[in-house]
Amino acid sequence: MQTTLTDSAEEAAAILNSGRVVAFPTETVYGLGASIYHPEAIKRVFQAKGRPGDNPLIVHIYSLEQLADIAVEINSDARKLIDRFFPGPLTLVLKKNPLIPDAVTGGLATVGVRCPANPVAREFLRLSACPVAAPSANLSGLPSATSWEAVYEDLEGKIDCVLRGNPSSIGLESTIVDCSGSKPLLLRAGAITFEQLQTVVPEIATNTNPDKQAPPKSPGLKYPHYAPKAAIILCHTDETRSVAPSSAYIGLSEPPEGISLFKRCQNLEEYGCELFSFFRRCDSKGIERIYCELPSNQGLGRAIRDRLMRAAGKK
Ligand code: TXA
Ligand code: MG
């Protein structure tokens with residue numbers, strides 16, 4: 001299959017509306033979209049990524065008016081979070097409208113909804129005839145794609161179109177909050193931090209101590225994630241004086257001695273933004289080990305820690 005590259009949101013939306021599969025930019029990471037009402041296209045999203053069918057997709061909307069088509073029983077906590085953080089890098093898990101096909105939600109009674117803020121995403125979603133189901137636009141298990149080039153590298157020949165935009169400004173997937181139960185639960189850390197969420201819904205809990213016997217709240221979290229080919233070594237740089245050959249480093253501190261490739265970030269925002277593209281660069285250069293400085297669990301550090309621990313197979 002030929003993958004069309006385009007800068008036109010109109011062309012990309014026309015391809016999506018005809019029942020085909022289109023990757024598009026968002027401020028978090030690139031998404032791989034299909035119309036929620038085209039079952040064949042939804043199936044192809046799973047096939048292109050090599051994604052297990054029980055892992056639900058997030059539904060992307062342009063306008064809050066579309067919410068009623070997607071979710072029911074939207075409680076007051078969800079309303080508050082929507083008022084404060086939509087559009088933006090937040091996904092809410094809500095009770096699903098029965099009209100949403102099971103293929104989108106992996107058979108769950110809930111649905112993830114997100115309204116991105118990126119202007120190209122908004123234009124694409126506005127021109128799309130219906131809500132767009134989209135996982136991150138990468139091969140399953142690999143780091144999410146934060147540029148159209150990374151999407152193309154993973155999915156060329158497997159999808160119909162890539163809508164080209166700028167690199168994602170945040171570079172980490174959205175924060176996910178489950179609002180389908182009696183109190184809000186943070187399922188995935190992201191750029192909307194736990195502390196920011198607490199200012200709006202003080203009752204919110206973290207999912208850090210899930211009952212190991214119970215099915216995971218977010219099915220995707222049980223699969224390996226974000227892993228480059230290189231081994232990930234979590235480090236505190238003051239403990240890491242020198243390293244094995246063919247090693248790379250990313251973090252906020254000075255790199256250890258003997259590093260072949262490194263990215264020293266000025267702050268957590270830059271760290272989050274660069275992380276996945278750095279992983280991909282290391283793989284393209286045949287790096288064997290990536291030393292990653294583990295930030296504290298505060299603010300955006302929580303999301304970066306989460307991705308690093310998963311990439312290292314420690315979560
Ligand atoms: O920033 C993002 O969220 C990006 C952009 C494209 O919007 N999307 C994204 O999708 O990261 P994906 O499929 O790579 O990750 C979505 C996660 C998965 O772990 C999935 O299991 C979880 O969200 N999820 C989706 N619907 C859910 C639901 N109803 N209940 C619990 N978890 C859900
Ligand atoms: Mg993903």
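Domain bounds here come from an automatic or database domain assignment. For this chain, that assignment gives domain 1 (4–206) and domain 2 (231–311). The model is predicted: local features need pLDDT of at least 70, side-chain atom pairs count only at pLDDT 80 or more, and totals for chains, interfaces and linings use all residues. Residues are numbered from 1 along each chain as its sequence is written, and side-chain values use heavy atoms, with hydrogens and water left out.

**Stop 1: the two domains**

Colour domain 1 and domain 2 separately. Their centres, taken over C-alpha atoms, are separated by 27 Å. Now select the contact, meaning heavy atoms within 4.5 Å. Domain 1 gives 25 residues to the contact and domain 2 gives 15.

Buried area is the accessible area (1.4 Å probe) that two parts lose on being put together, summed over both. The two domains bury about 1400 Å² between them, with 56% of it on carbon and sulfur atoms. Select P143, L172 and A189 next. Within domain 1 these three lose the most area to domain 2, together 36% of what that side buries.

**Stop 2**

A salt bridge is a side-chain nitrogen of Lys or Arg within 4 Å of a carboxyl oxygen of Asp or Glu. The interface of domain 1 and domain 2 holds three of them. Go to E173 and R307. They form a salt bridge, and their closest N and O atoms are 2.7 Å apart.

Helices (H or I, at least four residues) and strands (E, at least two) are DSSP runs, numbered from the N terminus. On the side of domain 1 that touches domain 2, two or more residues come from each of α7 (148–155), β11 (185–188) and α8 (194–200). Show α7, which supplies the largest share of that side, three residues.

**Stop 3: a link inside the chain**

The whole structure has 17 salt bridges. Select D7 and R164. This pair forms a salt bridge with its closest N and O atoms 2.9 Å apart. It links distant parts of the chain, 157 residues apart: D7 is in the loop between β1 (4–6) and α1 (9–17), and R164 is in the loop between β9 (161–163) and β10 (175–178).

**Stop 4: an aromatic pair**

Rings of Phe, Tyr and Trp (its six-membered ring) pair if their centres lie within 6.5 Å; planes under 30 degrees apart count as stacked, over 60 as edge-to-face and the rest as tilted. The count is three aromatic pairs. Select F276 and F279. Their ring centres are 6.5 Å apart and their planes are at 55°, so the pair is tilted. Both sit in helix α9 (residues 268–284), three residues apart, so about one helical turn separates them.

**Stop 5**

Most residues other than glycine have a negative phi, and most peptide bonds are trans. Which bond joins F86 and P87? A cis peptide bond, with omega about -10°. P87 lies in the loop between α4 (76–85) and β6 (90–96).

Finish at E73. This residue is not a glycine, yet has a positive phi of about 50°. E73 is in the loop between β5 (71–72) and α4.

Methods: Chains are lettered from A and ligands numbered from 1 in the order in which they are written.
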